[in-house]
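Please keep the structure open beside you as you read.

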Amino acid sequence: VIETGTDRVAGLDPDTGRERWSYRRGNATLCDATRQDGVVLALFAKSHGCRDLVALDAATGQRRWYRTVEITTPARLTSSTGTGVVTGGGQMIAFDTGGGLNRWTYSADGCTLDPAVVGPDWIATVSRCPGGLRRLVVHSATVDKAPWVGTLAPGSDPHVLSTDDRVA
C-alpha cells in the first residue's frame, strides 16, 4: 500500500498498515505519485514546476533511478505496464518505468493538456486551446512517432476515460 503526503511517499504493510519505508523530500512538494511495475514513481516540485521524478522499489523504498523532466508547471503522473507519463501545461513526456529514459515527448503548441490516460498500446489526452478548440490527442505508448490528433465538437467538455482496446 502506498501512502502520500505533501512532501513524501511511504510503503505500508498491506496486512498491518505499518510503515515499511518512507521517502521524504523536505525541500520539495509532491506533485503526484503512481505505482507500476514494482516501483513507486513520485514527481516532486521545487521552485520551477514538477521536475524531479524518482522511482522507488515498491517493497523496500530503495531508489532505483532519478531524473529531471522538463515540465515547468504543475503536472500529473500516470502509468501503465512499462510506460509512465508526465503531463503538465502543454507538455507530455512518456518514459520507460524500468530506467526512466524518454520514450517520446509531445508539445501542444499553446494549448493545455488534460492528464493523460495510459493503456497498454495508447496514451490519450484532450488538448484545450484558446477560443474553445478541443482536440483528442492519441499517441503510441512506446513508439516515438507523430500522434493522431482529431478536432472535437465545439462547445463540448470531453474527457478521456480509457485507452484499453479502444480510446473512449
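In what order do the strands of the open sheet of 4 strands run? The order is S8-S9-S10-S11, and the pairing is antiparallel; two strands pair if DSSP finds at least two bridges between them. The points below start with the ground rules and come back to this sheet.

1. Ground rules. This is a predicted model, in which local features need pLDDT of at least 70 and side-chain atom pairs count only at pLDDT 80 or more, while totals for chains, interfaces and linings use all residues. Residues are numbered from 1 along each chain as its sequence is written, and side-chain values use heavy atoms, with hydrogens and water left out.

2. The chain as a whole. The chain has 16 strands and 0 helices. Both are DSSP runs numbered from the N terminus, helices being H or I of at least four residues and strands E of at least two. Along the principal axes, the C-alpha atoms fill a box of roughly 50 × 35 × 25 Å.

3. Surface and burial. Of the 168 residues, 49% are buried, where buried means under 20% relative accessible area, exposed over 50%, and partly exposed in between (1.4 Å probe, protein chains only). The chain exposes about 8,600 Å², and carbon and sulfur atoms supply 47% of that area. Accessible areas come from the Shrake-Rupley method with a 1.4 Å probe, and for residues only the protein chains shown count as cover. Among contacts (heavy atoms within 4.5 Å) between residues at least 6 apart in sequence, 34% join residues at least 24 apart.

4. Strand S8 (76-80) and S11 are its edge strands, each pairing on one side only. From one strand to the next, the twist averages 15°; axes are lines fitted to C-alpha atoms, for helices over the stretch in contact, and angles run from 0 to 180 degrees between N-to-C directions. S8 and strand S9 (residues 83-88) run antiparallel and are joined by 5 bridges. Look for threonine 78, which stands opposite valine 85 in S9.

5. Serine 80 lies in strand S8 and is buried, with a relative accessible area of 11%. Which residues is serine 80 in contact with, leaving aside its neighbours within four places in sequence? They are Gln36, Asp37, Val118, Gly119 and Pro120.

6. The start of the chain. Strand S1 (residues 2-4) and S2 form a hairpin with 3 residues between them, and they pair in the antiparallel sense over 3 bridges. Threonine 4 has valine 9 in S2 as its bridge partner.

7. How enclosed is strand S2 (residues 8-12)? Because 5 of its 5 residues are buried, S2 is largely enclosed by the rest of the structure. Arg8, Ala10 and Leu12 point one way from S2, while Val9 and Gly11 point the other way.

8. The disulfide of cysteine 31 and cysteine 50. With a disulfide taken as a pair of cysteine sulfur atoms within 2.5 Å, the count comes to 2. One joins cysteine 31 to cysteine 50, with an S to S distance of 2.0 Å. This pair links distant parts of the chain, 19 residues apart: cysteine 31 is in strand S4 (residues 29-36) and cysteine 50 in strand S6 (residues 50-57). The torsion about the S-S bond is about -95°, so the disulfide is left-handed. Cysteine 31 is partly exposed at 24% relative accessibility, whereas cysteine 50 is buried at 4%.

9. The disulfide of cysteine 111 and cysteine 129. Their sulfur atoms are 2.0 Å apart, and with 105° about the S-S bond the link is right-handed. Both cysteine 111 and cysteine 129 are buried. Counting bonded cysteines along the chain, the disulfides follow the pattern 1-2, 3-4.
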